[in-house]
Amino acid sequence: MPRAPQTLDAEAVRSWCAGALKALGREREEIDAINVYPVADGDTGTNLYLTVESAARSVEEAFDTAAGRPDVAEVIRAMAHGALLGARGNSGTILSQLLRGMAAVLADGSDGDHLARALAEAADAARDAVAHPVEGTVLTVARAAADACAGGGELVTVATTAYEGARSALERTPGQLDVLRRAGVVDAGGRGLVAVLGALVRSLTGEAPEPPAAPAHRPVLDALLDAGCEAADGPGYEVLYLLEAEDDAVERLRTRLDALGESLVVVGGDGLWNVHVHVDDAGAAVEAGVEAGRPHRIRITHFAAAGQSREPAQRAVVAVLPGEGLAGLCAEAGATTLLALPGAPPSAEELAEAIRRAHAREVVLLPNDTELRQAAAAAAERARAEGIRVALIPTRAAVQGIAALAVHEPDRRFDEDVVAMSAAAGATRYAELAVAEHQSFTSAGVCQAGDVLGLIEGDVAVIGQDLTTTARTVLDRMLSAGGELVTLVVAADTPPDLARTLERHVRATHLAVDTTVYEAGAGAPALLIGVE
């Protein structure tokens, strides 16, 4: 018999991460099905899988880029960093902090005693990251794993003992959290952590440990409703973003977000954080991040349909928007939204994840940016391979996406709905106003840094010195070819009277044209214009 390993090496961590991804892939649907806390939105298994998928990708990159064989400290840090970057949902965010806490200890040593201390550090770090810790959750399971192996010992013994402690604690969670008891299930996040720890045991022993008891097969939401509790009670939106910020700014952010909503988790450190919160005012949550530092990879999910049915919806719309105001507006209209900030467009995987989050058999995807064409096409193909019917409407600007969403009718046949939405988007000419960052040659001549650029259909058509004057010129050029409706989308930092001035100009010079104004919020171009 081969001798049991005494330390975790780089290959063992790689095997653990790959095994955790496989385990969560196998158990993803079961974990989704028992997800009732903090929100019964059926995505904990998916979120944990995507979090570990990002960790695994980072581990492989560590091996690919190392001059030789990477050491265990590099690989465990890569695993934690990848999880931080890709953390999804409440449980995924907490898991990333658990891995970060473990990495801080295992980077200094990887024997059984270090693993025991790493699990204790992980449990403490995760609990500190949660604004209001609740027993009967993944935090309880993590603490039980650490307590079970607190004495240290041989590496395999510590890993196995920690797993058994976590498995036993998981089975006790219904007695600690009333919503679990009423639904007849264990905690979904804790179930995912047990899978991750089980993968660690398997990577060290070559054998799978005894699994937790099988989850309840009764539809969870039926059980909740029979027990008299509302599954979807709570804030309307889940907001997540990565944040580059200093420690003191993050402490102020925690206080502000805690006052805005619930399920607040802030993880990370050393200038990079992952923020998760449930709120009714998604825009305020993002604005708080902007004040604290530089948020990016912003995701806003509307909980309106959570708790109504475990069955997928027949149809959904997924839209990429530049600015939290627009994202909130489209989410209120029923769309699943992704926020795109300058320099941080969503990846194909993030678009595919948004399609999955929409939880529908049929999805209309609105990328609203010419630069997202390839990523959107790749995301659509991934979703189709998973059995989702996806129609990609190649909208090139947010105003085209708004026009398409305005005519969306989920009760129509899918093909008819897609044709109507495509026609509305295609009938909308678009323009954007931006400020030049440096001297450049454009199709309208040479611009200098600070000039206002009016881009029509992606090409620079007007170069001006003043935002309002340039906007009027752009509007007149667009309306010279006709139009019935002008849509103005203004960013948070534009002059306060810009929209009113342009509305008055349209009324005075184009008598039969109506004007609609939307607030884009922070992160959007200065002004977007649509003419239908």
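**Charge pairs and backbone**

Modeller: The model is predicted. In it, Asp-417 has a relative accessible area of 0% and is buried.

Biologist: Which residue meets the side chain of Asp-417 in a salt bridge, and which network do salt bridges with shared partners form?

Modeller: The Asp-417 side chain pairs with that of Arg-412 at 2.9 Å, N to O. Arg-412 is partly exposed, because its relative accessibility is 28%. Through shared partners, salt bridges join one network: Arg-315, Glu-362, Arg-389, Arg-412, Asp-415 and Asp-417.

Biologist: How many residues apart in sequence are the parts that Glu-386 and Arg-356 tie together?

Modeller: The side chains of Glu-386 and Arg-356 form a salt bridge of 3.0 Å, N to O. Glu-386 is in the loop between helix 15 and strand 8 (389–392), while Arg-356 is in helix 14 (residues 348–357), so the parts tied together are separated in sequence by 30 residues.

Biologist: Which helices hold Arg-256 and Glu-291?

Modeller: A salt bridge of 2.6 Å, N to O, joins the side chains of Arg-256 and Glu-291. The pair links distant parts of the chain, 35 residues apart: Arg-256 is in helix 11 (residues 247–260) and Glu-291 in helix 12 (residues 282–292).

Biologist: How many salt bridges does the structure hold?

Modeller: The pairs discussed here include Arg-256 with Glu-291 and Glu-386 with Arg-356. For the structure, the count of salt bridges is 30.

Biologist: What is the phi of Asn-368, and is Asn-368 buried or exposed?

Modeller: Most residues other than glycine have a negative phi. Asn-368 sits in the loop between strand 7 (360–366) and helix 15 (373–385). Asn-368 is not a glycine, yet its phi is positive, about 60 degrees. With a relative accessible area of 8%, Asn-368 is buried.

Biologist: Where is Asp-270, and is Asp-270 buried or exposed?

Modeller: Asp-270 also has a positive phi, near 55 degrees. Asp-270 lies in the loop between strand 2 and strand 3 (272–279). Its relative accessibility is 75%, so Asp-270 counts as exposed.

Biologist: Is the peptide bond from Tyr-37 to Pro-38 cis or trans?

Modeller: Most peptide bonds are trans. Pro-38 is placed in the loop between helix 1 (10–33) and helix 2 (44–65). Omega for the bond from Tyr-37 to Pro-38 is near 0 degrees, and the bond is cis.

Notes
Residues are numbered from 1 along each chain as its sequence is written. This is a predicted model: local features need pLDDT of at least 70, side-chain atom pairs count only at pLDDT 80 or more; totals for chains, interfaces and linings use all residues. Side-chain values use heavy atoms; hydrogens and water are left out. Helices (H or I, at least four residues) and strands (E, at least two) are DSSP runs, numbered from the N terminus. Buried means under 20% relative accessible area, exposed over 50%, partly exposed in between (1.4 Å probe, protein chains only). A salt bridge is a side-chain nitrogen of Lys or Arg within 4 Å of a carboxyl oxygen of Asp or Glu.
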